[in-house]
Amino acid sequence: MIKEITCIGCPMGCRITAELDGDKILSIEGYTCNIGKKYAQEELTVPTRMVTALMHVYGADQPLSVKTSKPIEKSKIFDCLKEISGKSVMRPVHIGEVVIKNVCGTPVDIIATRDVE
C-alpha cells in the first residue's frame, strides 16, 4: 500500500510518500531533512498529538486552559479529554503546574497553561 502524508516537522511541508506492507514500512521518500523522515516513521506507526483542553476550577468564573506535557498517542486523545473533563482543580493554579499526573495511565502529564489566582 502507498500512503502520502504532508510533513509538519518544519516549514518546508514536504509531501512524503511511504510504501507499507501491513504495519511494516518498506520505503519512505520525499522528505528533505531527518525531521521529515522521523515524522513520517512516527506518523505511520504510532501517531501522536498534543492535546489542549479546558478544565473546571472550583470557585472561578473561567475554566483553566491545559495541555499535555508532550504528545500523546492519537488513539488515546478521547480518553484523555474524558479524564480532563471529569476533574476539577483548586485555586491557585500556576502556569506549568501539573494538574493531572500520568493521564490515562501514560507517562504524559496535563499541565496548566495560565495562572488562576
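This is a predicted model: local features need pLDDT of at least 70, side-chain atom pairs count only at pLDDT 80 or more; totals for chains, interfaces and linings use all residues.
Local features are given where pLDDT is at least 70 and side-chain atom pairs count only at pLDDT 80 or more, while totals for chains, interfaces and linings use all residues. Residues are numbered from 1 along each chain as its sequence is written, and side-chain values use heavy atoms, with hydrogens and water left out. Helices (H or I, at least four residues) and strands (E, at least two) are DSSP runs numbered from the N terminus.

**The largest pocket**

- The largest pocket has a volume of about 220 Å³, where a pocket is an open set of points on a 1 Å grid over the protein atoms alone, fitting a 1.4 Å probe and having protein on both sides within 12 Å along at least five of seven lines, and where the volume is the space filled by probe spheres set on the points, joined across faces, edges and corners.
- Its lining, meaning residues with an atom within 4 Å of a point, includes Ile8, Gly9, Pro47 and Pro71.
- Helix H1 (34-45) and strand S4 (48-49) are the elements that give two or more residues to this lining, and H1 gives the most, with 5 residues.
- By class, the lining has 5 nonpolar, 2 polar and 4 charged residues, counting Ala, Val, Leu, Ile, Met, Phe, Trp, Tyr, Cys and Pro as nonpolar, Asp, Glu, Lys and Arg as charged, and the others, Gly among them, as polar.

**Helix H1**

- H1 has 12 residues and reaches 17 Å from its first C-alpha to its last, close to the 16 Å expected at 1.5 Å a residue, a span taken as 1.5 Å times one less than the number of residues.
- Gly36, Tyr39, Ala40, Glu43 and Leu44 of H1 are buried (under 20% relative accessible area, with exposed meaning over 50% and partly exposed in between, for a 1.4 Å probe and protein chains only).
- The buried residues of H1 pack against strand S1 (2-6), strand S2 (15-21), strand S3 (24-29) and S4, with contact meaning heavy atoms within 4.5 Å.

**Backbone points**

- Most residues other than glycine have a negative phi, and most peptide bonds are trans.
- The peptide bond from Arg91 to Pro92 is cis, with omega near -10 degrees, and Pro92 is found in the loop between strand S8 (88-89) and strand S9 (98-100).
- Asn102, in the loop between S9 and strand S10 (110-112), has a positive phi of about 50 degrees although it is not a glycine, and is partly exposed at 37% relative accessible area.
- Cys104, found in the loop between S9 and S10, has a positive phi near 55 degrees and counts as partly exposed at 24% relative accessibility.
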